[in-house]
Amino acid sequence: MSIFLGSTVGKKFLMGITGLIWAGFVLAHMAGNLLIFFSNDAYNSYGHALTSGNIIYIAETVLILALLIHVGTAVLLTRANRQAKGSAYVVVSQGKKKATLASRTMAVQGSMVLAFIILHIITFKYGTYYETNVHGIVMRDLAKLISEVFSEPGYVAWYVVCLVLLGFHLSHGVGSTFQSLGLMEGTYRNLWKKLSCVYAIIVALGFISQPLYIFLSAH
Ligand code: HEM
């Protein structure tokens with residue numbers, strides 16, 4: 001087991017599985033955010049339901065561990081890759097297809113997404129605590145906080161840029177994970193590739209719709 005996890009294939013596998021955990025989370029988070037299109041009460045009640053039980057602590061622990069493993073293995077693999085490129089023994093295949101821009105810039109995109117996640121949690125989770133009352137239940141007014149944040153053009157622009165980068169990172173990351181899991185072989189190769197691309201577009205556009213909608217309704 002430790003030999004497998006110490007190998008490049010093992011690290012790629014770990015990176016893929018932890019990436020998939022986050023891929024599942026962002027899809028659910030994006031879908032939950034769409035409740036703002038129904039009503040502020042629906043959005044706040046959803047946030048309240050998620051954060052009032054103990055399940056949130058389990059989810060947070062899994063997400064933090066997955067992120068640490070994902071970033072840790074990414075750093076180790078990038079370092080090993082750079083060392084291999086600097087070595088005289090690296091073999092450059094002549095017929096090899098040129099890597100896409102999205103795949104060559106995974107480390108840069110990943111670092112931006114990490115910075116985004118940290119700032120995002122500071123802005124919202126630890127942001128101003130407004131309160132509201134929905135059908136007699138006192139809860140946090142997250143709808144008021146997001147309306148306030150996304151009425152500022154700088155925030156909206158930063159979110160749009162980061163969410164487009166997240167889309168590229170997800171598309172390439174999920175596709176590579178399918179490849180590591182051996183799903184990109186034979187007949188279904190193109191299907192899995194398309195699926196990861198469609199998934200990434202849905203997540204990125206779904207997220208982007210919220211700041212844009214709030215900004216445009218406020219101006
Ligand atoms: C338009 C885009 C987004 C909006 C409006 C949004 C909104 C929010 C809000 C309001 C919270 C606070 C929830 C609470 O404390 O009850 C939150 C938490 C969080 N968001 Fe987002 N989010 C967006 C995109 C993202 C993306 C792209 C990611 C990850 C790549 C992300 C990751 C997180 C995480 C990890 C938390 C903390 C969850 C927890 O531990 O309680 N969010 N988000």
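Let me begin with Lys12, which is partly exposed because 17 other C-beta atoms lie within 10 Å of its own; the partly exposed class falls between buried, at 20 or more such atoms within 10 Å, and exposed, at 12 or fewer, with C-beta atoms placed from the backbone. This is a predicted model, in which local features need pLDDT of at least 70 and side-chain atom pairs count only at pLDDT 80 or more, while totals for chains, interfaces and linings use all residues. Residues are numbered from 1 along each chain as its sequence is written.

Lys12 is located in helix H2; helices here are DSSP runs of H or I with at least four residues, and strands are E runs of at least two, numbered from the N terminus. Leaving aside residues up to four places away in sequence, Lys12 touches Leu77 and Ser180, where contact requires C-beta atoms, placed from the backbone, within 7 Å. His70 is 58 residues from Lys12 in sequence, yet their C-alpha atoms are 9.3 Å apart.

Finally, the strands. S1 (residues 131–134) and S2 (residues 137–140) run antiparallel and are joined by four bridges; pairing requires at least two bridges found by DSSP. Asn133 stands opposite Val138 in S2. The two strands form a hairpin with two residues between them, and His135 in the turn has a positive phi of about 50 degrees.

Notes:
Contact = placed C-beta atoms within 7 Å.
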